[in-house]
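Visitor: I would like to learn how to read a model of this kind, feature by feature. Where should we begin?

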Amino acid sequence: MANTPVDRLDFDQIKASLKDYLRGQDTFKDYDFEGSTMNILLDVLAYNTHYQAFYANMVANEAFLDSARKRNSVVSLAKHLNYTPRSRKASRVTVNVKYPTAATTAEGNMNLNRASAGALVLPRGTRFTSRGQGGETYIFNTLEDYKFEVVSGELVVRNAVLYEGSLRTDSFVVNTKDSSQKFLLSDKNVDIDTIIVRVFASVSDTRGINDSWRRANDITELDGSSNSFFVQETEDGTWEVYFGDGVIGRAMENGNVIRVVYLSSNGENANGIGSTDTTQSPSFRSTGSIGYVVSVVTDTNGDPQPSFGGEAPESTDSIRFYAPRAYQAQERAVTADDYLAILARDYSLKSDSFLVWGGEENDPPQYGKVFISIKPKNSAKLSISEKQSITRNILGKRNVLTVTPEVVDPEVIYLNITTNVYYNPNSTILSNDEIGSAVRSRIVTFGDENLNMFGSNFRSSKFTTYIDATDPSINSSEVLMTLERRIEPQFNRTLPYTIKFDNALKHPVDGYPSILDSSSFYYLDYSSDAASKPTVVAYLDDDGYGNVRIYKLVDSSRVYLISNIGTIDYQTGKVVLKSFAPLGIPDGTVEIKLRVVPDRDDVFVRRNQVLQVNEDVIVVNPIEEVTVIDNRASDTKFPFRT
Amino acid sequence: MAEFNSFAADLDPNFTRKEFSGDVNLLEGEAAIRRAVKSLLLLKSNEKPFHPEINPGISELLFENASPVVVMEVTNRIKQAILRYEPRISGTKVNVYFDSNNTLSIKVLYTIRNDKKVYTTTVAVQRIR
């Protein structure tokens, strides 16, 4: 009998093995001819074997988190690790809402009185319409009550948060005799963070309807009377609410009525609404009989803050990545990885990147602390209230008692990029300006894709390669760059400041021309002989010997006010201003920008530093360069640049 | 393909049994080959697992007009199928004609290798509804 190999699992291989086997006997001879009965039987046998092999392979694959392909398998395996996949997330926007009635009318006066007494509210479930960037209409809702305040005679709710989606309600009557009863939410697009559960005694008895039920994440906090519910994704992608057994979480009783209210959202599609809002053309409008006037809040620069945070349901790959890490953290923040896993789960909505390090590794060391740096999605740093919220609500419950978490801002190093781009005008239909514009947007894209993250260094060769790929006509490019850091000094106070660039600065020899530069600021003119020193517009530079100076411009010449306000270390990139007392900024902003020339074209970051392309000062110089074969004398300039 | 043996042996596709032993009857020699040719001609597209191409493609011509062109096409397809999948026979001649009750009658005349005798297999292809 032929030795039949078992590693051949394709249909044709299996059939060939069966034929090999039949060659060893004399009874049947027709197995190799497609019309024969034996051949048809071999087809059936091979097909069956192939089918079973494939099925066994799939079963084995789907049994492990690493190899499972079907979403319901991955979700089910993640469940073993106590990991609930992130559901769709509703986009949200912060707005100010004004009550439309003027205080001069009778109704206005009545509302004014109610508001003063704290009785005039913008209730939960108030709906607003908006138009998306593609022209689609989205509904935004309040998810809590907001009290109107009286501001300058007007009735206003400040910083109300609206969530995109439609509020839906599902009700269930508990039947304890039905062991397979499930409380499945009817809408797959639920944002599970918005679920509110109410349970009352029966259809005819509403006792308990005002009890608050809380979604449980940690069973150690539960006992048999805890009003807690659990949420999980089911096999077909819907969401299920379920309850405790009377030991861990309160159990349902026969006849109880469960009412679940939640937001059904369009996820990321509703992000970005309101970015071009003005007072005359607001994106959000009230849908009810009271025509509330809605305006999105603005940032410190006066730019409207559009809706954000809408997300699609967590992808299968993301579940595969985060589930083991969440299990590793065990709802406890002990190691740096634990902090990262918890923040990735609970704060990923608002952040691009996280970094965590222990206080003993800090400079200077601060024992008993752990530092968390977060690069937010829409801004350079977090507000104080957001930092407090993270330390109290997310980390405070999970970290070690004797370790204090502290959220610190990322240190942004801006890259002021100037590029010379040499291109062949005969190889492109783009004009000089269009080449410049294309390269500029390419630089911005490079920053978005490769920088803005902790640990992301700037590699000059990768950057120029990326720029060269902008258009086939580009022969080469070169980059000239300064590094910029910004400080927010306290005006009219003399204080020391330390600014770390953490990259070697250009300093070939002592006495080398100044490589430090700054934006303008007001300072007392100590070069004046007057008893009362006048205020002048001043700048910073260095003397090429490690000293930082303050100067003013007189007919484009530098006149130094102070020749040693601090030091600059060219090796470490550290600038120290010892007793710096600026009086203000000419353009009314609060930041002074310090710029230095790095020694190398590559720029490296340390710890919580983040590199960011300064989009305001990108300079692109497209230079025409026609390459021809050089038959001329060697001292002829080549290639020819015009 | 396996080499042609002078004596073919195959299972009876009707799985009839031997009277005394109860074993399934075998078809041997010319009977086995005739049955194989008939089965081959009746194969439809996708009938063979993973090999949809193994079929003469006659059934798909059933709803064509009964013209000389179709007769020629059926003849060619049968010859191609036998040439490709039934190497035990040669000298194939195919007669195709439509009879009065909308049946496509196919008569295949062939010789078995190493045997000068001409054998005949007749297949009738008819739509069933």
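Guide: Begin in chain B, with Phe50(B), in the loop between helix H1 (30-42) and helix H2 (68-85); helices (H or I, at least four residues) and strands (E, at least two) are DSSP runs numbered from the N terminus. This is a predicted model, in which local features need pLDDT of at least 70 and side-chain atom pairs pLDDT 80 or more, while totals for chains, interfaces and linings use all residues. Residues are numbered from 1 along each chain as its sequence is written, chains are lettered from A and ligands numbered from 1 in the order in which they are written, and side-chain values use heavy atoms, without hydrogens and water.

Visitor: Does Phe50(B) count as buried, partly exposed or exposed?

Guide: Buried means under 20% relative accessible area, exposed over 50%, and partly exposed in between (1.4 Å probe, protein chains only). Phe50(B) counts as partly exposed because its relative accessibility is 44%.

Visitor: How is the size of an interface given?

Guide: It is often given as the accessible area lost when the parts come together. Buried area is that loss (1.4 Å probe), summed over both parts. Between chain B and chain A it is about 2000 Å², with 63% from carbon and sulfur atoms. On the chain B side, Asp10(B), Lys48(B) and Phe50(B) lose the most area to chain A, together 25% of what that side buries. The contact (heavy atoms within 4.5 Å) takes 24 residues from chain B and 20 residues from chain A.

Visitor: How many salt bridges are there between chain B and chain A?

Guide: A salt bridge is a side-chain nitrogen of Lys or Arg within 4 Å of a carboxyl oxygen of Asp or Glu. The count between the two chains is three. Asp43(A) forms a salt bridge with Lys48(B), with the closest N and O atoms 2.8 Å apart.

Visitor: What should helix H2 of chain A span?

Guide: The expected span is 1.5 Å times one less than the number of residues. H2(A), residues 37-62, has 26 residues and should therefore span 38 Å; its end C-alpha atoms are 37 Å apart, which agrees.

Visitor: Which residues of H2(A) are buried, and what covers them?

Guide: An α-helix has 3.6 residues a turn, so residues three or four places apart point the same way. The buried residues of H2(A) include Leu42(A), Asp43(A), Ala46(A), His50(A) and Ala53(A). Their cover includes helix H1 (11-22) and helix H3 (71-80) of chain A, together with strand E1 (9-11) of chain B.

Visitor: What do the buried residues of H3(A) pack against?

Guide: They pack against H2, strand E12 (228-233) and helix H5 (316-329) of chain A. Among them are Val74(A), Val75(A) and Leu77(A). Just after H3(A), Asn82(A) takes a positive phi of about 60°.

Visitor: How many helices and strands does chain A have?

Guide: Chain A has nine helices and 32 strands. Of its 642 residues, 43% count as buried.

Technical notes
Buried area = accessible area lost by both parts, 1.4 Å probe.
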